[in-house]
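I opened my notebook today to look up a few things in one protein.

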Amino acid sequence: MSYFQDDDDDEQEKLLETHPPPPVYSPGTVGVPSTILEPPNVYKSRWRSIRVMYLTMFLSSVSFSICMSSIWPYLQLLDPSATTDFLGWVVASYSLGQLIASPIFGFWANKRKRSREPLVVSIVINILATVLYAYLESLKSHKSIALLLARGFIGFGAGNVAVVRSYVSGATTTRERTGAMASMSACQAIGFIFGPGIQTAMVPVGWPGPVHEPGFHLDLYTMPAWLSVIVGIMNVVLLVVVFQEHRVDNDEDINFQVQVGERLPDYTPDTLAVIASLILFFFVLFLFVVFETIATPLTMDMFSWTKSEATLYTGIILAVGGVIAIFVFIVVKVLVKRFNERYILIGGFLFCLAGFITFLPWGNDFPDYHDQDLLPPSSVNSTTDPLRGITDWSTSLMTTPGHNSSAPGDDPEHRGCPISYKWCAYTPRILLPQFLGGTLLIVIGYPVCNLMIYTIFSKVLGPKPQGVMMGLLTGSGSLARTLGPIFISQVYNAYGPRVTFACTSVIVLFAICGCVSVFKRLVPFQYKRKDSKYVYDNS
């Protein structure tokens, strides 16, 4: 009798060891242990909510990119005396707002154990700030300052990115997470396509556009903002009606060996891995912001494009880059099944390095100065303006009938480098194929680095709620987007593209060296139970 009882006790002990503890749900949260078969209706609801997060990420991306190709012409329209130095502050204001908001919304989501509330509030703030952006032309004074504030509050509303990524991390298993993060990053890339794409599609509307009243303006600069407002309202409706809180408990892909009644104790993830991820993400966003900030001024200086032409062509280039980024995400989802994520991350950095090196000016062809166009046509070397002939077709699309073919300040006499840029006299022109080739390499490398760092960071953190930590990661990127435009615009103004892209190449090298130095620490979180004690395993 005792023999059989011992067997029963052993059997019971084994069963207890292999079953997870009962999940603990917060109010309004649907939690499903991944080690238990998930009911089909819960699975569908969980992924439906994740897809709403994809849409939210898409709209956040659109709110940033929709005016990137036109923000410099729009700023000059509002304030003709504005310089590229102030442009750096305008671009940085978005990221400064996001930097402030990300930890706040992340803490809010963690404290309340709900994502809907901070998401709805952040999107409403974004909508109101976008309305302000669309009304800037109606203001009597201080238009450039109002633009700075509008972009800052739009960025504050975009601080919900931390909540979005935290929710997706908590609502997926470790195996699902890389694919979910890739899909979310793809939605972010699609947002980068639609943003410049929408702006490019609005170019035929022209300026001053079909509606040019003192209290309301509808033109190529404001129409994308109104579309963004409409889609933002739709997003709020989806969050209220469709979205539900879900959380995956006791992820089977993380090494848990717990008994019934036991709970996973508090733990601290690998501090070095967390700090390294934050720094690497800072480098990634800092590098890309270089391209975002000076792409339009660079094309106007190098290729003698007008404001309207720069808005059109830069928008097309960014949109095509976004399409390429989507294919990159698809390829990465395949590569992660065969290669370690850390190797893919280093490969992404190498692509970025090659892109910035490609941007370095060389040769004996120099940009045009503003006053060079005042000379007789026969005295200007036609080889220095290879695009002048192929861009004339666009002028008919820039405005509505009956108006000038260009916005204020877009006089044909003022193409090329401003007189104040002394570096134009000794810095060679960046050729169009060279610019496109460097852009191609960067739009391949940037999404790879972005996705891999997000994925590695979420796995390093483990199963704890990640709202605050994702807020810190987003804050790190926002800090890069805040400091980057200010730094880059100052360097570009003073020294030109050669020094600018040489500096960014050195930064990429530092990022690669840093990644290699912490390579062994960027591993997924693991917790093992040994001798009735939980032991953190970083092997």
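This is a predicted model: local features need pLDDT of at least 70, side-chain atom pairs count only at pLDDT 80 or more; totals for chains, interfaces and linings use all residues.

**Entry 1: a patch on the surface**

Which residues form a nonpolar patch on the surface? I found Ile233, Val237, Val240 and Val241 there. Together these four have about 370 Å² of accessible area. I picked Val237 and placed it in helix H9, which covers residues 223-241. Val237 counts as partly exposed, because its relative accessibility is 47%.

The mean pLDDT of the protein is 75, and 77% of its residues reach 70 or more. Which element has the lowest mean pLDDT, and which the highest? Strand E1 (residues 29-33) has the lowest, at 43, and helix H12 (residues 341-359) has the highest, at 93.

I also marked two stretches where pLDDT stays under 50. One is residues 1-36, for which the model has 52 contacts beyond four places in sequence. Another is residues 252-262, with 35 such contacts.

**Entry 2: two backbone angles**

Most residues other than glycine have a negative phi. With that in mind, I wrote down Lys113, which is not a glycine and has a positive phi of about 55°. Where is Lys113 found? I located it in the loop between helix H4 (84-112) and helix H5 (116-134). Lys113 is partly exposed, because its relative accessibility is 49%.

His142 went on my list too: it is not a glycine, yet its phi is positive, about 55°. I found His142 in the loop between H5 and helix H6 (143-157). Is His142 buried or exposed? His142 counts as exposed because its relative accessible area is 62%.

**Entry 3: charged pairs**

Side chains of opposite charge can pair when their charged atoms come close. How many salt bridges does a search of the whole structure find? I got five.

I began with Asp270 and Arg521, whose closest N and O atoms are 2.8 Å apart in their salt bridge. Asp270 sits in the loop between strand E4 (245-249) and helix H10 (271-303), and Arg521 in the loop between helix H15 (497-517) and strand E5 (527-530), so this pair ties together parts that are 251 residues apart in sequence. Asp270 counts as buried because its relative accessibility is 6%. Arg521 is partly exposed, since its relative accessible area is 32%.

Next I looked at the salt bridge of Lys459 with Glu341, where the closest N and O atoms are 3.0 Å apart. Lys459 belongs to helix H13 (residues 432-461) and Glu341 to helix H12, so the pair ties together parts that are 118 residues apart in sequence. I checked both partners, and Lys459 and Glu341 are buried.

Then I turned to Asp368 and Arg429, whose side chains meet in a salt bridge at 3.8 Å, N to O. Asp368 and Arg429 are each in the loop between H12 and H13, and they are 61 residues apart. Both of these residues are buried. Which residues do salt bridges that share partners join into one network here? I wrote down Asp365, Asp368 and Arg429.

**Entry 4: rings**

I counted 24 aromatic pairs. One of them is Tyr135 with Phe216, an edge-to-face pair with 6.3 Å centre to centre and 65° between the planes. This pair links distant parts of the chain: Tyr135 is in the loop between H5 and H6, and Phe216 is in strand E3 (residues 216-218), 81 residues apart. Tyr135 counts as partly exposed because its relative accessible area is 32%. Phe216 is partly exposed as well, because its relative accessible area is 28%.

I also came across a cluster linked by ring pairs. Its members are Phe303, Trp305, Tyr313, Phe356, Phe359, Phe435 and Phe501.

**Entry 5: one last residue**

I ended with Ala162, which lies in helix H7 (residues 161-170). Ala162 counts as buried because its relative accessible area is 0%. How many residues apart in sequence are Ala162 and Pro103? They are 59 residues apart in sequence and 7.7 Å apart in space, C-alpha to C-alpha.

Methods: Residues are numbered from 1 along each chain as its sequence is written. Side-chain values use heavy atoms; hydrogens and water are left out. Patches are made of residues with over 30% relative accessible area and no salt bridge: like charges are joined within 9 Å, nonpolar side chains (Val, Leu, Ile, Met, Phe, Trp, Tyr) within 5 Å. Accessible areas come from the Shrake-Rupley method with a 1.4 Å probe; for residues, only the protein chains shown count as cover. Helices (H or I, at least four residues) and strands (E, at least two) are DSSP runs, numbered from the N terminus. Buried means under 20% relative accessible area, exposed over 50%, partly exposed in between (1.4 Å probe, protein chains only). pLDDT is the predictor's confidence in each residue, from 0 to 100. Contact means heavy atoms within 4.5 Å. Rings of Phe, Tyr and Trp (its six-membered ring) pair if their centres lie within 6.5 Å; planes under 30 degrees apart count as stacked, over 60 as edge-to-face and the rest as tilted.
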